[in-house]
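Hi,

Here is the structure I promised to pass on.

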Amino acid sequence: DSVLPRARREAHVHGDPEHTHLCGVSLGGYVGLEMLVRLPKIFGSFAGVQTAIGEWAAEGYAEKISKMAAKSLFFLTSAQDHWKKSSEALAAALSARKVARETRSIPGPHDQPWLREAGTIEALHWIDRLDRAASP
């Protein structure tokens, strides 16, 4: 109710959900999923990078996401990410519900250097591709 309107006003960014991207890393991925399922009309896409949810939570998130209007979804994990099985469980649960999403697993651990060197770049490239596809 306050953060997005202020950001749009001060940064002069798009106000439409199609161009409102939500991205979260690790615990921020969990928070991002919670925001997405609670406020689905605000966000057009979600990118979860090494999303810190338990495997047990995957079915619940998939069920909630499957009931929303179509969203662009991206889940990125890494070979040594301790949340990798959770990301895989969420991807499988979304697939079972025929929810389109992009998933990737790339080499690396769950740490800040990986995030700065690979994770952030991958997420930003994905968001850039969404914006380019949406532009006339």
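**What I found**

Lys84 and Glu88 sit four residues apart in helix 4, about one turn of the helix. (Helices are DSSP runs of H or I with at least four residues, strands are E runs of at least two, and both are numbered from the N terminus.) Before going on: this is a predicted model, where local features need pLDDT of at least 70 and side-chain atom pairs count only at pLDDT 80 or more, while totals for chains, interfaces and linings use all residues. Residues are numbered from 1 along each chain as its sequence is written, and side-chain values use heavy atoms, with hydrogens and water left out.

Back to that pair. Lys84 and Glu88 form a salt bridge, with their closest N and O atoms 3.8 Å apart. The term means a side-chain nitrogen of Lys or Arg within 4 Å of a carboxyl oxygen of Asp or Glu. By this rule there are eight salt bridges.

Another one joins Arg38 to Glu34, at 2.8 Å between the closest N and O atoms. These two are also four residues apart, in helix 2, so about one helical turn separates them. Arg38 is exposed at 60% relative accessible area, but Glu34 is buried at 14%. (Buried is under 20% relative accessible area, exposed is over 50%, and partly exposed is in between, using a 1.4 Å probe and protein chains only.)

Which parts of the chain does the Glu59 and Arg97 pair link? Their salt bridge has its closest N and O atoms 2.8 Å apart. The pair links distant parts of the chain, with Glu59 in helix 3 (residues 58–66) and Arg97 in the loop between helix 4 and strand 4, 38 residues apart. Glu59, Glu63, Lys67 and Arg97 are linked in a network of salt bridges.

Now for the largest pocket. Its lining includes Asp1, Arg8, Met35, Leu39 and Phe43. A pocket here is an open set of points on a 1 Å grid over the protein atoms alone, where a 1.4 Å probe fits, with protein on both sides within 12 Å along at least five of seven lines; lining residues have an atom within 4 Å of a point. Helix 1 (residues 3–11) gives the most to this lining, with four residues.

One of the lining residues, Leu39, lies in the loop between helix 2 (27–38) and strand 2 (45–49). At 35% relative accessibility, Leu39 counts as partly exposed.

Happy exploring!
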